[in-house]
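This briefing covers one protein chain.

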Amino acid sequence: MTFVPALKIALTGFLYVITLLTIAQPGIDEFAEVETQINKWYYNLSDLVLAIGGICGLLGGARIYANWQAGKPRIDLEVSGWFFACLFLSLTGAAVRLLFGLS
């Protein structure tokens, strides 16, 4: 029966140490810094991606127009492909904005 008080003291000490270790977790400041960097760079990168998407859309439209004027069949597949690619590009930007909580 003499080991019960020693066990209680050891268990209490262990719980105090665990509590202190969980409170003092490193990385909180780093997460705040990363959040600031994401907010800073996101809008610049989203503008760049939309500009590249616009250029690719214009080139795709010119390609579809050239194929249409040449009389190639099945232009509707190319039109739908380019349309859904542009739609995906726009929705991906909105999804990433929601994912990171940017307004």
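Helices here are DSSP runs of at least four residues, numbered from the N terminus. The model is predicted. The protein has three helices and zero strands.

**Fold and surface**
- The order of elements from the N terminus is α-α-α.
- The protein has 103 residues, and 9% of them count as buried.
- Its accessible surface is about 8,800 Å², with 74% belonging to carbon and sulfur atoms.

**Cysteines**
- A disulfide is a covalent bond between the sulfur atoms of two cysteines.
- The whole structure contains zero disulfides.
- For Cys-56, the closest cysteine sulfur is that of Cys-86, and the two sulfurs are 8.7 Å apart, too far for a bond; the cut-off for a disulfide is within 2.5 Å.
- Cys-56 counts as partly exposed because its relative accessibility is 37%.
- Cys-86 is also partly exposed, with a relative accessible area of 35%.

**Largest pocket**
- The largest pocket holds about 190 Å³ of space.
- Helix H2 (28-69) and helix H3 (75-99) are the elements that each give two or more residues to its lining.
- H3 supplies the largest share of the lining, seven residues.
- Residues lining the largest pocket include Tyr-42, Leu-45, Val-49, Leu-89, Gly-93 and Arg-97.
- Sorted by class, the lining has seven nonpolar, four polar and one charged residues.

Conventions: Residues numbered from 1 in each chain as written. Predicted model: local features only at pLDDT ≥ 70, side-chain atom pairs only at ≥ 80, totals over all residues. Heavy atoms only, no water. Buried < 20%, exposed > 50% of the residue type's maximum accessible area, 1.4 Å probe, protein only. Areas by Shrake-Rupley, 256 points an atom, 1.4 Å probe, with all protein chains shown as cover. 1 Å grid on protein atoms, 1.4 Å probe; cavity = no way out; pocket = protein on both sides within 12 Å on 5 of 7 lines; lining within 4 Å. Points joined across faces, edges and corners; volume = space filled by probe spheres on them. Nonpolar A, V, L, I, M, F, W, Y, C, P; charged D, E, K, R; others polar.
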